[in-house]
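Subject: Handing over a structure, with notes on what was found

Dear colleague,

I am passing on the structure below, together with some notes on what was found in it. Please read the notes with the coordinates open beside them.

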Amino acid sequence: MNQALIFMMMTIWLFPFTIFMFYRIFLENKKGLTAMYILSIILVILGLIMVIRYKIPMFLCMLGPLFFFSLYDIATRIFVARYNRKPIDTGYNWQSGIFADRVYNITVTSLGLILPILIFALLYDLFK
């Protein structure tokens, strides 16, 4: 496979993860999250067009951002419903009493990396 294609797919797949890790304040804003959903839907449409037109299942990686932002939105809604506050970013934050925030961040990060890979593997077999 072309190395440029692999680089492009990895960049698209890691894009939402980077925003979650370094620019979470952008996602906490309703307009920012809506913009990410719109961008993700555009990527999904482009990915599906490329799968249908060029028969290359690697473009299914473009589904990754939509899954990640959906996971982030659902996990944040569950956290807010349970603790009545937004989760705190615990990266380099060593204060005590934020165990639930740490669990939230570890869960979203782990599922955000693993879930798109599993979904991609499943869809790759279907479109192969």
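Is Asn84 buried or exposed? At 68% relative accessibility, Asn84 counts as exposed, where exposed means over 50% relative accessible area, buried means under 20%, and partly exposed lies in between (1.4 Å probe, protein chains only). Asn84 sits in the loop between H4 and H5, just after H4, and its phi is near 55°, a positive value in a residue other than glycine.

Before going further, the basis of these notes: this is a predicted model, in which local features need pLDDT of at least 70 and side-chain atom pairs count only at pLDDT 80 or more, while totals for chains, interfaces and linings use all residues. Residues are numbered from 1 along each chain as its sequence is written, and side-chain values use heavy atoms, with hydrogens and water left out.

Overall picture

The protein chain has five helices and zero strands, where helices (H or I, at least four residues) and strands (E, at least two) are DSSP runs numbered from the N terminus. The C-alpha atoms fill a box of roughly 50 × 25 × 25 Å, taken along the principal axes, and of the 128 residues 38% count as buried. The accessible surface comes to about 8300 Å², of which 72% belongs to carbon and sulfur atoms; these areas come from the Shrake-Rupley method with a 1.4 Å probe, and for residues only the protein chains shown count as cover. Among contacts (heavy atoms within 4.5 Å) between residues at least 6 apart in sequence, 64% join residues at least 24 apart.

The nonpolar cores

A nonpolar core is here a set of buried Ala, Val, Leu, Ile, Met, Phe, Trp, Tyr and Cys residues joined through side-chain atoms within 4.5 Å. The largest one has 14 residues, and those with the most contacts inside it are Phe20, Leu27, Phe68, Phe69, Tyr72, Tyr104 and Val108. Helix H1 (3-22), H3, helix H4 (64-83) and helix H5 (99-127) each supply at least two residues of this core, and H4 gives the most, with five residues. A second, separate core of twelve residues includes Met9, Ile12, Leu43 and Val44.

Helix H4 has 20 residues and reaches 28 Å from its first C-alpha to its last, close to the 28 Å expected at 1.5 Å a residue, the expected span being 1.5 Å times one less than the number of residues. Among the buried residues of H4 are Phe68, Phe69, Leu71, Tyr72, Asp73 and Phe79. Leaving aside neighbours within four places in sequence, Phe68 is in contact with Pro16, Phe17, Phe20, Val108 and Gly112.

Tyr104 lies in helix H5 and is buried, with a relative accessible area of 6%. Not counting residues up to four places away in sequence, Tyr104 touches Phe20, Arg24, Tyr72, Ala75, Thr76, Phe79 and Pro87. Tyr104 and Phe20 are 84 residues apart in sequence and 12 Å apart in space, C-alpha to C-alpha.

Salt bridges

If a salt bridge is taken as a side-chain nitrogen of Lys or Arg within 4 Å of a carboxyl oxygen of Asp or Glu, the count comes to two. In one, the side chains of Arg77 and Asp73 meet at 3.2 Å, N to O; both residues lie in helix H4, four residues apart, about one turn of the helix. An α-helix has 3.6 residues a turn, so residues three or four places apart point the same way. Asp73 counts as buried because its relative accessibility is 14%.

In the other, the side chains of Asp101 and Arg85 meet at 2.8 Å, N to O. This pair links distant parts of the chain, with Asp101 in helix H5 and Arg85 in the loop between H4 and H5, 16 residues apart. Asp101 counts as buried at 0% relative accessibility, whereas Arg85, at 31%, counts as partly exposed.

A surface patch

Finally, Ile38, Ile41, Ile42, Ile45, Leu46 and Ile49 form a nonpolar patch on the surface, with about 530 Å² of accessible area together. Patches are made of residues with over 30% relative accessible area and no salt bridge, like charges being joined within 9 Å and nonpolar side chains (Val, Leu, Ile, Met, Phe, Trp, Tyr) within 5 Å.

With best regards
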